[in-house]
Amino acid sequence: MNDQPPPGEGRPPTMLDAVLPVAVLITLLASSIILFGAGAMDGPLQVALLLSAAFAALMALKNGFAMSSVADAAIGGVTTAMGPIFMLLAIGALIGTWNMAGTIPSVVDVGIGLMSPAWFYLTTAVVCAAVGLVTGSSWTTAGTLGVAFVAMSKVMGLPVEVTAGAVICGAYFGDKMTPLSETTILVPKLVGRGLTVSQHIRNVFWTSGPALAISLVIFFVMGLNAQPEGQIDTEAAQQALGGVFHLSVLNLLPMLLLLVFTVKQIPPFLALMGSALFAGVLAVFTQHSAVTAFVGEPGLGPVATGAKAVFSAMASGFVCRSGQPVIDELFTRGGMVSMLTTVWLILGALSFAAVMEYAGFLRRLIEPVVTRAKRRGSLILAVNGTGIGLNVVAGDVYVADVLPSRMFRDEFARRGLAPQTLARAVEDAGTVTAVLVPWNTSGAYTAGVLGVATGAYLPYCFFNILSPLLDVLYGFIGFKTPTAEQVGAPAEDAG
């Protein structure tokens with residue numbers, strides 16, 4: 001995150017200084033949710049975060065920080081989100097053109113033809129876990145196949161919130177278990193002491209593996225007991241899809257191209273935009289009637305119609321104009337514009353987090369937690385609690401990963417605990433629970449692309465809830481929490 005203040009600038013905060021901005025944040029967030037309900041995501045939550053950031057800035061000024069320094073810190077914090085923001089915009093464009101090209105409709109067509117409600121949730125989680133392993137990104141998995149699975153669940157009359165939970169469980173397991181994931185690479189570097197990515201993944205599996213296995217059992221049982229409501233006849237749905245889109249294997253080419261880009265380690269933004277653009281161009285040739293209806297200007301020539309369709313789908317999303325309400329509702333999605341509210345939410349959360357870190361408020365809140373954790377179990381509990389708390393207060397997964405790694409690594413070394421133990425605790429709490437917080441970058445993104453509110457899918461994110469619980473349990477019973485001596489790690493932090 002941000003650099004520390006220059007020597008001599010600002011006074012160390014008191015505990016009251018650190019607590020007050022958090023109290024203001026909680027009060028404003030709770031007020032916006034009470035007043036606006038689900039509509040709070042459309043602006044009130046963002047206002048609450050920005051007002052909280054302003055209050056934190058005033059507290060920093062009270063402690064002697066220069067206004068220019070606080071402003072620079074806030075700007076610096078926001079710039080750390082530029083990568084995720086560009087990914088958000090690219091995912092919005094991709095969803096729009098994949099719908100227009102028939103890519104998502106084709107996946108839905110195949111899915112509803114092959115899957116029964118009894119196996120649907122289990123299959124969703126397993127497929128998303130596999131895709132997460134290949135792509136190394138829970139965001140990409142949710143924004144592509146996750147969107148298709150949510151659409152399938154609507155056709156099959158199954159609750160979309162459960163489907164979203166299955167998507168998230170699988171996507172985050174895959175993200176945690178692959179060396180392609182950013183956080184999986186980042187956390188071992190932060191913890192240090194010679195910890196490698198492969199060592200980290202092997203140790204994380206002891207919590208992630210059982211957490212996913214339990215989740216799959218729950219999803220299987222839920223599928224067996226599922227009672228679809230308002231289910232559309234699958235044959236009728238497939239016929240309706242075939243009447244709107246030209247369904248063929250060609251429609252899956254944008255998905256294949258994205259997979260190739262991922263394997264070739266093309267930067268995520270370029271890979272997503274490349275696949276989105278390819279899908280838009282493909283749609284002009286394979287979905288002529290849908291593209292013409294979308295543009296709605298019969299007088300335009302084919303080239304102008306195609307160009308306008310591609311730009312519009314990427315900018316404001318594809319609008320399906322089939323005249324069939326169910327089909328139109330399912331596939332009228334996407335566009336960069338659809339992500340702007342989420343971007344606004346991220347900017348507000350990171351502004352608050354940046355000021356809190358720069359002025360020393362976050363460190364002041366965490367230090368007592370570190371010093372009071374006297375035993376191994378309580379120390380691991382403290383790491384998990386800090387990660388979850390930072391996801392709530394700071395609203396960003398990188399803050400929730402970076403700060404606990406920095407704050408606890410010396411204490412873990414002093415007590416002779418292996419770096420694997422700290423790295424797993426950081427990931428199980430910081431990385432995995434970020435998606436459960438509505439104003440967190442991960443939660444805001446996932447709710448935006450899946451079209452399901454965070455509070456609705458949260459009870460079904462079994463993997464994300466179980467991972468930190470298992471990690472804390474292991475800490476207290478001494479299971480798979482190696483010491484530095486056992487793994488041959490240096491007893492002191494090598495930086």
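E411, R414 and R415 are linked in a network of salt bridges, a salt bridge being a side-chain nitrogen of Lys or Arg within 4 Å of a carboxyl oxygen of Asp or Glu. This is a predicted model, in which local features need pLDDT of at least 70 and side-chain atom pairs count only at pLDDT 80 or more, while totals for chains, interfaces and linings use all residues. Residues are numbered from 1 along each chain as its sequence is written, and side-chain values use heavy atoms, with hydrogens and water left out.

**Salt bridges**

A search of the whole structure finds 6 salt bridges. Three pairs are set out below.

| Pair | N to O distance |
|---|---|
| K62 and D17 | 3.2 Å |
| K308 and E297 | 2.2 Å |
| D471 and R424 | 2.9 Å |

The salt bridge of K62 with D17 joins helix α2 (residues 44-62), which holds K62, to helix α1 (residues 15-36), which holds D17, so the pair ties together parts that are 45 residues apart in sequence. Helices (H or I, at least four residues) are DSSP runs, numbered from the N terminus. K62 is partly exposed at 43% relative accessible area, whereas D17 is buried at 7%. Here buried means under 20% relative accessible area, exposed over 50%, and partly exposed in between, with a 1.4 Å probe and protein chains only.

In the salt bridge between K308 and E297, K308 belongs to helix α15 (residues 302-316) and E297 to the loop between α14 (288-295) and α15, so this pair ties together parts 11 residues apart in sequence. K308 is partly exposed, at 36%, and E297 is partly exposed, at 32%.

The salt bridge of D471 with R424 links distant parts of the chain, with D471 in helix α24 (residues 462-477) and R424 in helix α21, 47 residues apart. D471 is buried, with a relative accessibility of 1%, and R424 is buried at 0%.

**Packing of α19 and α21**

Two packed helices are described by the angle between their axes and the distance between the axes. Helix α19 (residues 376-393) packs against helix α21 (residues 419-431) at an angle of about 35°, and their axes are 8 Å apart. Axes are lines fitted to C-alpha atoms, for helices over the stretch in contact, and angles run from 0 to 180 degrees between N-to-C directions. Residues making the contact include I380, V383 and I388 of α19 and L422, A425 and V426 of α21, where contact means heavy atoms within 4.5 Å.

**Nonpolar surface patch**

L133, V134, V249, L250, L252, L253, L256, L259, V260, V263 and F278 make a nonpolar surface patch of about 880 Å². Such a patch is made of residues with over 30% relative accessible area and no salt bridge, nonpolar side chains (Val, Leu, Ile, Met, Phe, Trp, Tyr) being joined within 5 Å and like charges within 9 Å. Helices α6 (117-135) and α12 (253-263) each supply at least two residues of the patch, and α12 gives the largest share, 5 residues. L253, in helix α12, is partly exposed at 31%. F278 is in helix α13 (residues 268-286) and is partly exposed at 32%.

T103 lies in helix α5 (residues 103-114) and is buried, at 0%. Leaving aside residues up to four places away in sequence, T103 touches W98, N251, L252, P254 and M255. T124, in helix α6, is buried at 0%. With the sequence neighbours up to four places away again not counted, T124 touches F149, T163, A166 and V167.

Methods: Areas by Shrake-Rupley, 256 points an atom, 1.4 Å probe, with all protein chains shown as cover.
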